[in-house]
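I opened the notebook with two topics to look up.

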Amino acid sequence: MGKFIVEGGRRLRGEIKIQGSKNSVLPILAACVLVDGVSVIHNCPLLSDTDVTIKILEHLGCSVMREGHTVTVDSTGVNAFDIPDTLMREMRSSVIFLGAIIGRSGRAEISTPGGCEIGLRPIDLHISSIKKFGVEIAEEHGRLECSVPDALRGTEITLAFPSVGATENIMLTAATARGTTTIINAAREPEISDLADFLNGCGARIHGGGEGIITVAGVDSLSGTEHTVIPDRIAAATYMFSAAMTHGTIILKDIIPAHIGPVFPVLEEAGCEINIKGRELELTAPPRIRRIHKISTMPYPGFPTDIQAPIMALTAVADGTSVIIENIFESRFKHVAELIRMGADIKTEGRMAVIQGVPYLTGASVVSPDLRGGSALVLAGLAAKGITEVSDIHHIDRGYESFEEILCALGASVKRKA
Ligand code: UD1
């Protein structure tokens, strides 16, 4: 399973380039299934989730070639419409293939993704939305069988919650449906705009990607294009926190500052100075982080749930009491017990955590509970006295490319042990 051995107490300083976005590359690679031709995707992060996505593409009959951070997908040979259970289990977000497979093949078969470590994560919004296109869906023995008796027809969908995955699945289903689809209360995350840009590059007609109302005028077919994935705003914020926790200074290159904007006021409240020049950002941390009065996770452009765990590690060593409210996922506090093992003073009640900052954390053996919870424990280790052993780091490898190498380049001591 692998471990990180983190020796704490080093101040992080330096300059890093930010990886391509995990949450963008997965739907964009899935969208390649809809394309009749060759798609070239640049800035693909080297992650285990990207590997699983490529395995699914190959299972579906695509021919995939990878050279560094460029992935070339030839979808002319698509000949399957199912995703095997083993691949679905490896990555819950495989559900994002549903719209693309239905659009391409007129049928799809996947297993239900089930629960996961950060909450139940149902797919009811995906299913009810896809049904509105005229898709029949039968759920039996943990498998979803989808068929299109007539043709996919554009529709109007109002989402009860601006789900990122459901918005993406609707866009994929709508891209080649007959007529126009309108999504009301669509998710506005930057990854949605990135998917819309890719699909439009392929000949789709999507307006409003990144806004609350998206319209998709269906086209007959999509052709290949070349696309560069946006920088990963979650990885960028994580590295900002790593410098903030160690009283360091960091320069992030190749970022889109507006995408990380929701994090700036919080870091400034903590006493950090942030300077932005074009696609570059410099953060300088104060000698002691100040408490952050209240952080509430919200859909974009609110504070991202994906960095709730890393910022909790930061507040654990802040001067004063901070409050975090997790509004997106119902069980995303699994890192709390591990932070407490390291000496953090955190109390939770339902969706709220109250963090009384301590002067320092102490190294301990902790278990990575999930992707972002795992990165939070590594950050805590960077600021702790002594050695921290973080196990189950396969979770971290799902989302951070060369995590330990980047942290070491900044002056940290993080070693990977098999
Ligand atoms: C995506 C991101 C994930 C991020 C999340 C919220 C990817 C691959 N993953 O996940 O990193 O944490 O957005 O920003 O892009 N929900 C339902 N029914 C549904 C769909 C969602 O109840 O059919 C609920 C979920 O359980 C959750 C909330 O809506 O409580 C948000 O989920 P959603 O926005 O769909 O997140 P994902 O697309 O799964």
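I began with N23: one of its polar side-chain atoms sits 3.0 Å from an oxygen atom of the ligand. The model is predicted, and I read each distance as a computed value.

I then checked backbone atoms. For G165, a backbone N or O atom lies 2.8 Å from a ligand oxygen. For I328, a backbone N or O atom lies 2.6 Å from an oxygen atom of the ligand. I also looked up the cover: the ligand taken alone exposes 740 Å², and the protein buries 86% of that.

Next I listed the shell. I found 18 residues around the ligand, with D124, L125, S163, D306 and I328 the closest. I sorted the shell by type: seven residues are nonpolar, six polar and five charged.

Where does the shell come from? I noted that domain 1 (3-19 + 231-417) and domain 2 (22-228) each give at least three residues. Helix 5 (124-131) and helix 6 (164-175) each supply at least two. Helix 5 has the largest share, three residues.

Last, the cysteines. How many disulfides did I count? The count is zero. C62 is in no disulfide either, and its nearest cysteine sulfur, that of C32, is 7.4 Å away.

Buried or exposed? I recorded C32 as buried, at 0% relative accessible area. C62 is buried too, at 6%.

Methods. Residues numbered from 1 in each chain as written. Predicted model: local features only at pLDDT ≥ 70, side-chain atom pairs only at ≥ 80, totals over all residues. Heavy atoms only, no water. Near = heavy atom within 4 Å. Polar contact = N/O pair within 3.5 Å; in protein donor to acceptor, adjacent residues only side chain to side chain. Areas by Shrake-Rupley, 256 points an atom, 1.4 Å probe, with all protein chains shown as cover. Helix = DSSP H or I, 4+ residues; strand = E, 2+ residues; numbered from the N terminus. Nonpolar A, V, L, I, M, F, W, Y, C, P; charged D, E, K, R; others polar. Domains from an automatic or database assignment. Disulfide = S-S within 2.5 Å. Buried < 20%, exposed > 50% of the residue type's maximum accessible area, 1.4 Å probe, protein only.
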